[in-house]
Every structure is written in structure tokens, then in C-alpha cells.
Amino acid sequence: MKKGKWAGLVLVLAVILIAGSYIFFKDNQPQKAELSGLLGGEKIGLFESQDFQKHMDRKFALRMNYRKAGSFAMVKETAQNKNEASYDYLFPASQLAAQYYKKLGGSSLQEDIIFNSPIVLYSRKPVVDALKKQGIVTDRNAILYVNMEKLATLIADGTSWAKIGLPQLYGNIFVDTTDPKASNSGNIFLGLLANALNGNKVVTGESLPAVLPKIMAIYQQIGNMQTSSSDMFSQFLKLGMGSYPIIAGYENQILELSKTDPQVFDQIKEEVLILYPEPTVWSSHVYIALSKNGQRGLEALKDPETQKMAWKNHGFRTIVSGTADPKEFPVKGLPSTIDQVMPMPDIDVMLRLMRAIDQ
């Protein structure tokens, strides 16, 4: 066969191979999809970041759209309205919220824990110094720990800020939280406070009657509460110690702030302190897939690159980097591991607590 014919045959084969490869890879690329879901406010920073959005699009052909909602509010709305078909996913910040969703008759295709973040307290130096003098806050290896049983006793006894040396603060000692009936961080603190009032033992159906009157008395003194953890943290930073002496939130909130808004962080880094309750409770962020595309979102969030991004840029402790070096953040007083953790009361006990504070 002449060289020209060989060259022509090779060219034809090359074209066929290229065309076949294009068709193969085109057919095997995931179809682009836009997901609709309900998202806890503490994860908005991740979902709004360009790195996350580009990664979702490039590797998984997904766009994760969302509407902000409190963890308990989102599962209650979806399950009671039977509108699972309206969303591809729910992404609350708690296993209790996922259990509540099932208890209300909600259905899903798949669910899994994606991120973890311990519940912490945020305060400012004058408050922390006063609590140290009371033996409630201790400094161990430059990490601040809160004795929850002692703090709960001060709260339940109606102790004023003035009595512990802070006359410039109005009213009695309390930890401001989001609304426990709508938002996970407030709900977890409610459970943590109930456990502390029960001698740091998990409240059960049998021990609840002894704890309920104290919890009701505490929460009856509180006015309107925020329904979003991100809004609560923002108000804490903006309004200062007089409005919010102590709040409950997620560890990742200040870690994320140090990376996503370093100028603001530089302004508050010497003033705002992070405190770890002893014991504390993990907030486990559970992704609930409601559709086939929602399941694709679940796999994308479990991707090792996504998990690293969630830790390094947004402070979520993940499967991949749950014990990563806290020196990656310019935040003082971070432990490498969270050791003293206790379970929450079960969902039935928590529902009784939530009903009690609503009376």
C-alpha cells in the first residue's frame, strides 16, 4: 500500500478514535444540576465561597443553592408540610434535628454526618476575668475551660453580674443563645444546661421532672432570641459586651472569621475569647438527601478535597482533618482535640424541654 494511502488510513482511524473518545467522555460526564435545599446559617460561608462553588462545579457539575433556616425550623417545616419534593436536601447542624425529622414522619433517600463542630462559649476579657475569680473558668495550657455545673448553678440561682464584680452589666448571669425551638446551637445549649443542672449527668425521662422547673424559670426571663447562629455571632461582634456578655455558638465561627474576614478578626482577636464547656457537646452537621441529585450533593460534600476546604478555610472538624493542627488558624486557645464530650438528652426529653420553655 502506498504511503499516501497509509497516511489517509491513519488519519481516518485517528478521527474515529478522537470522535469516539469525545462521545465516551461526554456521555460519562455528570449532568449539570442545580440543587435546592435548606441550610443552617453557620455553613453559609462555605457554600458562598468561590473555592467551594468552583470545586462543586468542576468536579461534580453541581450548584448548591440554598435558603437559610434554623435546624429545627427546617425539618419541622419540611416534614409537617410534606414538601420533601420541593428540596433536594436539608442540612441541619444536629443529629437531634435529623431524629426530629424522622419523628415527624419526614422521609429521605440517604443521610450522613458531614462536619462536626463543638459547642463553645464566646465572651470578652472582663467577663472571663470575673468568671476566673469565681472558679468557673480555668486556663490550662492557654486554653479556656468552663465548669458547666458551676456556671449552671449561678444561672439557676439568679446571680447578678454585679455580684461577681461586673456592675456595668445589666441583670443576671446568662448565656445568650439562639431560639432552642428553631436553631441547633440554642437547642444544644439547652440540653447542655439541663445536663449541668442534673449534676453533669444526661437528663432522662426519670430525672427530667427535677430539672424542668429550673429550666423554665431561667428561660422565662429571656425575651426574643435569634433564630440563626450566624446572626447571633454577628450581633455579638457588633454590639459588644453590654448587649451580649456571653453567647453560645460553634467553634468554627471564629475560625472561619479569621480566614474569610481577617481585618475584622484583627480588630477583635485580643478582646473576644473562645471558651470550651466541660463537658461540651458535639454539633454533628447531618446532610439529608431528599432526591437523587441530593445524593450527588452528599457524595460531593464527603469528597476529601471538600472536607479539607471545610476545615482549613471554615473551621469545621471533618473526617479527613478532624485532628488537624489548630496552628493553621491565628486564633488563640484552640485545642487539637475535643476530649470532654457528653451525649445530649434523647429527642423525647429534648422535645419536653422545648415545650416547657415555650409556656
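Accessible areas here come from the Shrake-Rupley method with a 1.4 Å probe, and for residues only the protein chains shown count as cover. On that basis the chain exposes about 16700 Å², with carbon and sulfur atoms supplying 52% of it. Keep in mind that this is a predicted model: local features need pLDDT of at least 70, side-chain atom pairs count only at pLDDT 80 or more, and totals for chains, interfaces and linings use all residues. Residues are numbered from 1 along each chain as its sequence is written, and side-chain values use heavy atoms, with hydrogens and water left out.

The chain has 15 helices and twelve strands; these are DSSP runs numbered from the N terminus, with helices being H or I of at least four residues and strands E of at least two. Of its 359 residues, 52% count as buried (under 20% relative accessible area, with exposed over 50% and partly exposed in between, using a 1.4 Å probe and protein chains only). Among contacts (heavy atoms within 4.5 Å) with a separation of 6 or more, 77% join residues 24 or more positions apart.

On a 1 Å grid over the protein atoms alone, a cavity is a set of points where a 1.4 Å probe fits but cannot get out, while a pocket is an open set with protein on both sides within 12 Å along at least five of seven lines; lining residues have an atom within 4 Å of a point. Grid points are joined across faces, edges and corners, and a volume is the space filled by probe spheres set on the points. For the linings, Ala, Val, Leu, Ile, Met, Phe, Trp, Tyr, Cys and Pro count as nonpolar, Asp, Glu, Lys and Arg as charged, and the others, Gly among them, as polar.

| Space | Volume | Lining by class |
|---|---|---|
| Largest pocket | about 500 Å³ | eleven nonpolar, ten polar, one charged residues |
| Largest cavity | about 50 Å³ | one nonpolar, nine polar, one charged residues |
| Second largest cavity | about 30 Å³ | seven nonpolar, one polar, no charged residues |

The largest pocket has 22 lining residues, and the closest to its centre are Asn-172, Phe-174, Asp-176, Gln-221 and Ile-222. A search of the whole structure turns up two cavities of 30 Å³ or more. The lining of the largest cavity includes Gly-40, Gly-41, Glu-42, Ser-183 and Thr-227. Around the second largest cavity sit Leu-121, Ser-123, Leu-131, Val-137, Val-146, Leu-151, Ile-246 and Leu-275.

Leu-131 turns up again in helix 6 (residues 125–133), whose buried residues are Val-127, Val-128, Ala-130 and Leu-131. After helix 6 comes Gly-135, with a positive phi near 75°.

Further along, Ser-336 lies in the loop between strand 12 (317–318) and helix 15 (347–357). At 40% relative accessibility, Ser-336 counts as partly exposed. Its C-alpha atom is 5.8 Å from that of Pro-326, ten residues away along the chain.

Helix 15 itself is largely enclosed by the rest of the structure, because eight of its eleven residues are buried. Among them are Ile-347, Met-350, Leu-353 and Ile-357. The buried residues of helix 15 pack against helix 4 (71–81), helix 5 (95–103), helix 8 (184–197) and helix 9 (208–219).
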